[in-house]
Each structure stands twice: as C-alpha cells, then as structure tokens.
Amino acid sequence: KRRSYRIQKIAMRDFADGEGLDGTTVRAMPRYELNGVDQDGWSGARSRLLLPASTKAATAELQLEFPSWASVPSAKFVFTLNGRVVYSEDLARGVYKTVSVPLEPGRPNELVMESSQTFPLPAPDQRTRSFRIVKVDLK
C-alpha cells in the first residue's frame, strides 16, 4: 500500500549562535578557527583568527601575554583584519594586553596576528614562540 502525507505546518527560524548548515543538516559550528596557535595558546610569529560570515559578534577581544621571562626585551605586534592594519604597537616583555578589534559585519573576517620577535619557551619545552593568547571573546 502506498501512503501519502501532506505538510500541515512548517516553522522557520534563524540559526542560533554557533549553528550553520552542513549540507541539509543544521549543526553546531565553531565560532572561530585559530591557525598557528598551539592548544595551550602559544603562538608563533604569525597566526590567524578566522571568523565565518555568520558570526553575529561586532568585536573580537583578545587577551595576549608577552611574558616577563622572554629572552627578548620587546617586540612589535601588528594585527591586520581583512588586509587592513587594526592594531600596531611595540610591547615590552612582562605585558598582558587586551586588544579589541571591530569586525566587519556580514562577511568572513580574517585577523592576522604578527610579532617581530620569537623566544624559546622554558625547558623542558623546546618550542619557540612569540606570545600567548590567553583568551578570545566575541562580543
């Protein structure tokens, strides 16, 4: 026997924060992607924060650490958002710095974070890094 059905009611809603389409299925999507950053937050001389166009945040706020035990006395930090410089500063070691970057709405955003210096992490760690991202907040 063949049965037929008809749709009597259908409801549509906007995606919640962190949701997106994966084919035809709604799934939780990462709010952002960090490249060039280790799981413990340490970054090399260049790293990237990628935000999808669906991000509803107006600002990315990053808390950075340039530790007092670093073997370099200072470093120049330059952040570019979609190819435009949004932050540039020489920082002395021993600094925790919060950087707020206004995002461009309705499009993917790529924040490139660069530091002019690298230093070895304390033994027994053998990595060479530039700074640590302590926290990322999307507001």
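Predicted model: local features only at pLDDT ≥ 70, side-chain atom pairs only at ≥ 80, totals over all residues.

Modeller: Residues are numbered from 1 along each chain as its sequence is written, and side-chain values use heavy atoms, with hydrogens and water left out.

Biologist: How many helices and how many strands does the protein have?

Modeller: Helices (H or I, at least four residues) and strands (E, at least two) are taken as DSSP runs, numbered from the N terminus. From the N terminus on, the elements run β-β-β-β-β-β-β-β-β-β-β-β. The count is therefore 0 helices and 12 strands.

Biologist: Which strands does strand 5 join, and in which direction do they run, parallel or antiparallel?

Modeller: Two strands pair if DSSP finds at least two bridges between them. Strand 5 and strand 8 are joined by 8 bridges, and Leu-64 stands opposite Lys-97 in strand 8. Strand 5 is also joined to strand 12 by 6 bridges, with Glu-65 opposite Arg-132 in strand 12.

Biologist: What share of the contacts with a separation of 6 or more comes from residues 24 or more positions apart?

Modeller: A contact here means heavy atoms within 4.5 Å. Among contacts in the protein with a separation of 6 or more, the share from residues 24 or more positions apart is 63%.

Biologist: What percentage of the residues is buried?

Modeller: Buried means under 20% relative accessible area, exposed over 50%, and partly exposed in between, with a 1.4 Å probe and protein chains only. Of the 139 residues in the protein, the buried ones make up 29%.

Biologist: Which residues have the most contacts inside the largest nonpolar core?

Modeller: A nonpolar core is a set of buried Ala, Val, Leu, Ile, Met, Phe, Trp, Tyr and Cys residues joined through side-chain atoms within 4.5 Å. The largest one has 28 residues, and strand 4, strand 5, strand 6, strand 7 (84-92), strand 8 (95-102), strand 9 (109-115) and strand 12 (131-138) each supply at least two residues of this core. Those with the most contacts inside it are Leu-62, Phe-66, Phe-77, Phe-79, Leu-111, Met-113 and Ile-133.

Biologist: Is Ser-43 buried or exposed?

Modeller: Ser-43 has its place in strand 4 (residues 42-51), and its side chain makes a polar contact, that is, a pair of N or O atoms within 3.5 Å in which, within protein, one must be able to donate a hydrogen and the other to accept it, and residues adjacent in sequence count only if both atoms are side-chain atoms, with the side chain of Ser-47 at 3.0 Å. Beyond neighbours within four places in sequence, Ser-43 is in contact with Gly-36, Val-37, Arg-129, Ser-130 and Phe-131. Because its relative accessible area is 0%, Ser-43 counts as buried.

Biologist: Which backbone oxygens lie close to polar atoms of the side chain of Asn-109?

Modeller: Asn-109 is found in strand 9, and because its relative accessibility is 6%, Asn-109 counts as buried. One backbone oxygen lies 2.9 Å from a polar atom of this side chain, and another lies 3.1 Å from such an atom. They belong to Glu-104 and Arg-107, respectively.

Biologist: What is the phi of Asn-82?

Modeller: Most residues other than glycine have a negative phi. Asn-82, in the loop between strand 6 and strand 7, counts as partly exposed because its relative accessibility is 23%. Although Asn-82 is not a glycine, its phi is positive, at about 50 degrees.

Biologist: How far apart in space are Ser-71 and Pro-120, C-alpha to C-alpha?

Modeller: Ser-71 is found in the loop between strand 5 (59-66) and strand 6 (74-81). Leaving aside neighbours within four places in sequence, Ser-71 is in contact with Arg-93, Phe-119 and Pro-120. Ser-71 and Pro-120 are 49 residues apart in sequence, and their C-alpha to C-alpha distance is 7.5 Å.
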